[in-house]
Amino acid sequence: MKTVKVRGVELGVGVPKIIVPIVAKDRKTIIEKAKEITELPADLVEWRADFYQDLFNTPELLYTLKELRGTLGNTPILFTIRTKQEGGETAPSIEDYTSTNTAIAQSGNADMIDVEMFRENTDWNGQVSEMSSQLTKEIHSAGCLVVGSRHNFTCTPSKAEIVTTLRHQQEAGADIPKVAVMPKSRADVMELLSASVEFADKYADRPFLTISMGAKGMITRAACELSGSCMTFGAAGQGSAPGQIQVRDLKGMLELVHKSSQE
């Protein structure tokens with residue numbers, strides 16, 4: 001399986017990398033949080049721009065991103081607009097979603113962009129949307145990487161559906177396919193883990209990311225190396241999804257799992 005390198009961080013090898021989200025509403029707080037993160041063992045930063053009050057004011061958005069890049073230095077930035085359909089804070093039109101993500105990619109100040117690969121398609125066996133496929137190509141043309149994503153905040157689809165979703169994202173060109181689901185039982189957590197292992201062993205030709213959210217799924221964030229995930233999300237104060245572990249605690253867990261897997 002190939003790895004993915006972004007600003008010196010290699011995904012898909014060694015200890016899984018930690019992404020820390022920023023969920024602030026205004027520029028001042030965003031930059032303050034970024035300064036705080038530079039003191040933490042974070043490998044990447046996700047800017048959850050759906051929380052940002054000036055999300056669709058493109059000049060303001062790009063200026064804030066430039067400030068964020070200056071603050072974080074060489075730390076990779078993942079830019080994300082999480083829509084309400086997939087658990088986020090905004091419900092943009094397809095036009096606003098695509099034009100904003102394209103402008104971010106072309107700015108050169110973000111390294112990776114999250115693309116919801118199944119916009120308005122609730123069938124977990126279905127193909128990626130035409131919009132997301134075209135947006136992926138435009139982001140790649142601008143020299144940016146794509147984290148394909150799909151979320152289910154109500155339940156955990158079947159193992160077969162999770163594997164199919166990951167395969168479709170990979171086939172559509174996502175550099176890092178991602179699935180996040182909500183468990184209702186311990187069996188659901190095992191379903192996600194089993195799907196991850198099957199995808200890793202049979203189909204994956206690139207790094208990927210899977211998450212079982214909430215308290216029940218917390219183990220998947222710490223034991224992701226065993227299931228094949230290349231990254232995991234850690235919180236610095238407020239998290240962006242249920243079940244995120246504070247960064248310093250998560251770092252120790254990941255290193256412990258990695259050490260035990262080498263023995």
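Which residues in helix 1 meet which residues in helix 2? In this predicted model, Arg27, Ile30, Ile31, Ala34 and Lys35 of helix 1 meet Glu60, Tyr63, Thr64, Glu67, Leu68, Thr71 and Leu72 of helix 2. Sorted by class, this contact of helix 1 with helix 2 comprises six nonpolar, two polar and four charged residues.

**Helix packing**

| Helix pair | Axis distance | Crossing angle |
|---|---|---|
| Helix 1 (residues 27-37) and helix 2 | within 9 Å | roughly 20° |
| Helix 2 (residues 58-72) and helix 3 (residues 94-107) | within 11 Å | roughly 40° |
| Helix 5 (residues 159-171) and helix 6 (residues 186-202) | 8 Å | about 45° |

The axes of helix 1 and helix 2 cross at roughly 20°, and because angles under 35 degrees count as roughly parallel, helix 1 is roughly parallel to helix 2. The crossing of this pair, helix 1 with helix 2, is right-handed.

Helix 2 also packs against helix 3, where the axes come within 11 Å and cross at roughly 40°, and the two helices are therefore oblique to each other. Here too the crossing, that of helix 2 and helix 3, is right-handed. On the side of helix 2 the contact is made by Thr58, Leu61, Leu62 and Leu65, while helix 3 contributes Thr100, Ala103, Ile104 and Ser107. The contact of helix 2 with helix 3 has five nonpolar residues and three polar ones, with no charged residues.

Helix 5 passes helix 6 in a right-handed crossing. In this contact Lys159, Ile162, Val163, Leu166, Arg167 and Gln170 of helix 5 meet Glu191, Leu192, Ser194, Ala195, Glu198 and Phe199 of helix 6. By class, the residues of the contact between helix 5 and helix 6 divide into six nonpolar, two polar and four charged.

**The largest pocket**

The largest pocket in the model has a volume of about 150 Å³. Its lining is formed by Gln85, Glu86, Gly87, Phe118, Asn121, Thr122, Trp124, Arg150, His151, Asn152, Phe153 and Thr154. Divided by class, the residues of the lining of the largest pocket are three nonpolar, seven polar and two charged. Among the lining residues, Phe118, Trp124 and Phe153 count as nonpolar, whereas Glu86 and Arg150 count as charged.

Definitions and conventions
Residues numbered from 1 in each chain as written. Predicted model: local features only at pLDDT ≥ 70, side-chain atom pairs only at ≥ 80, totals over all residues. Heavy atoms only, no water. 1 Å grid on protein atoms, 1.4 Å probe; cavity = no way out; pocket = protein on both sides within 12 Å on 5 of 7 lines; lining within 4 Å. Points joined across faces, edges and corners; volume = space filled by probe spheres on them. Axes fitted to C-alpha atoms, helices over the stretch in contact; angles between N-to-C directions. Helix = DSSP H or I, 4+ residues; strand = E, 2+ residues; numbered from the N terminus. Parallel < 35°, antiparallel > 145°, perpendicular 65-115°, else oblique. Left-handed = near helix turned anticlockwise from the far one by under 90°. Contact = heavy atoms within 4.5 Å.
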